[in-house]
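Please keep the sequence and the structure in view while reading.

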Amino acid sequence: MSKIEEIAAAVAKGKAKVVANLVTEALNEGAAPLDVLNQGLIGAMDVVGEKFKNNEIFVPEMLVAARAMKKGVETLKPALGGEGGASLGKCVIGTVAGDLHDIGKNLVAMMIESTGFEVIDLGVDVPKEKFVETVKANPDCKIVGLSALLTTTMPAMKEAVAALEEAGCKNQVKIMVGGAPITQEFCDEIGADAYTADAASAAQKAKELA
Ligand code: B1M
């Protein structure tokens, strides 16, 4: 088993400390940080999701896997690096109302931050009013990022975009959307400015839009 496969297996089993050690070892052995992220950490969560769908594991197992994944990302973060400097303006990001998934959103926030934005992370289950209020309180905010992982919270994403539009924020910011059930078609339908499928392309797109 390769080191990256070992990382994926440890995440799936929820072994946070082991994951942190394996990530450090993989980096020391010269593994590319993005391979560790995509094949090791994110790949494991796909396996976990599939097992959950097939009733092979349940919410508690998903939770421990999520914690292990977070530990891995924490360890990997310095290696992912970036330009830093926070000179591109602010980006407000959050997971929409009713949705508690934050691993993908955190990755997107981390990559956008490393591109040179100051990120205001509103967390999970964020009401649409909070996005509007935060944009208004931050005139140098250029990007709003909305994440949703559940098909049942896609309407909340639509409502957040509508609220930002109604409040006149769309003159100030570009709205980016993403998350497993989100598509370019849905992005167009709800009037958001950009859809991206993963954290790296979200960071790239944010830079283009700012
Ligand atoms: Co949940 N869950 N979950 N879960 N969970 C999914 C999403 C699910 C697909 C599992 C499955 O059935 N196969 C399913 C949704 C089905 C659906 O809606 N179609 C599901 C379900 C049903 C549920 C509950 C309802 C289960 C229950 O209670 N019965 C419940 C809902 C709770 C709620 O939110 N109200 C629930 C709970 C949980 C946990 C709390 C246990 C845990 C989350 C812990 C946490 O986030 N802190 C959890 C987990 C871990 C998952 C899976 C296994 C993994 C999600 C993840 O972190 N993936 C997931 C299955 C799966 O995704 N394969 C599943 C890794 C992460 C890096 O990917 O978040 O997709 P992702 O982010 C990617 C891209 O999507 C993109 O970039 C990221 C990095 O490349 N991206 C953006 C994300 N946001 C973006 C924003 C952008 C741009 C790109 O621009 C702004």
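## The largest pocket

Domain 1 (3–83) and domain 2 (90–209) each supply at least three residues to the lining of the largest pocket, where the domain bounds come from an automatic or database domain assignment. This is a predicted model, in which local features need pLDDT of at least 70 and side-chain atom pairs count only at pLDDT 80 or more, while totals for chains, interfaces and linings use all residues. Residues are numbered from 1 along each chain as its sequence is written, and side-chain values use heavy atoms, with hydrogens and water left out.

The largest pocket holds about 1400 Å³ of space. A pocket is found on a 1 Å grid over the protein atoms alone, as an open set of points where a 1.4 Å probe fits, with protein on both sides within 12 Å along at least five of seven lines, and its lining residues have an atom within 4 Å of a point. Grid points are joined across faces, edges and corners, and the volume is the space filled by probe spheres set on the points. The lining has 45 residues, and the closest to the pocket centre are M45, H101, I103, G104 and L149. α3 gives the largest share, 11 residues, and the elements that give two or more residues also include α4 (59–80), α5 (103–115) and β3 (141–147); helices (H or I, at least four residues) and strands (E, at least two) are DSSP runs, numbered from the N terminus. By class, the lining has 28 nonpolar, 9 polar and 8 charged residues, with Ala, Val, Leu, Ile, Met, Phe, Trp, Tyr, Cys and Pro counted as nonpolar, Asp, Glu, Lys and Arg as charged, and the others, Gly among them, as polar.

## The second largest pocket

The second largest pocket has a volume of about 260 Å³, and its lining also takes at least three residues from each of domain 1 and domain 2. α5 contributes the most to this lining, with 5 residues, and at least two residues come from each of α4, α5 and β2 (118–121). Among the lining residues are K70, E74, I103, M110 and D121, and the classes are 5 nonpolar, 1 polar and 5 charged.

## The two domains

The C-alpha centres of domain 1 and domain 2 lie 24 Å apart. Their contact (heavy atoms within 4.5 Å) takes 13 residues from domain 1 and 10 residues from domain 2.

## Packed helices

Two packed helices are described by the angle between their axes and the distance between the axes. The axes of α1 (residues 3–12) and α3 come within 8 Å and cross at roughly 35°; axes are lines fitted to C-alpha atoms, for helices over the stretch in contact, and angles run from 0 to 180 degrees between N-to-C directions. In the contact, α1 uses I4, I7, A8, V11 and A12, while residues of α3 including V36, L41 and M45 take part. This contact has 10 nonpolar, 2 polar and 1 charged residues.

Helix α6 (residues 128–137) and helix α7 (residues 154–166) pack at about 35°, with their axes 8 Å apart. K128, F131, V132 and V135 of α6 meet E159, A160, A163 and L164 of α7, and these residues divide into 6 nonpolar, no polar and 2 charged.
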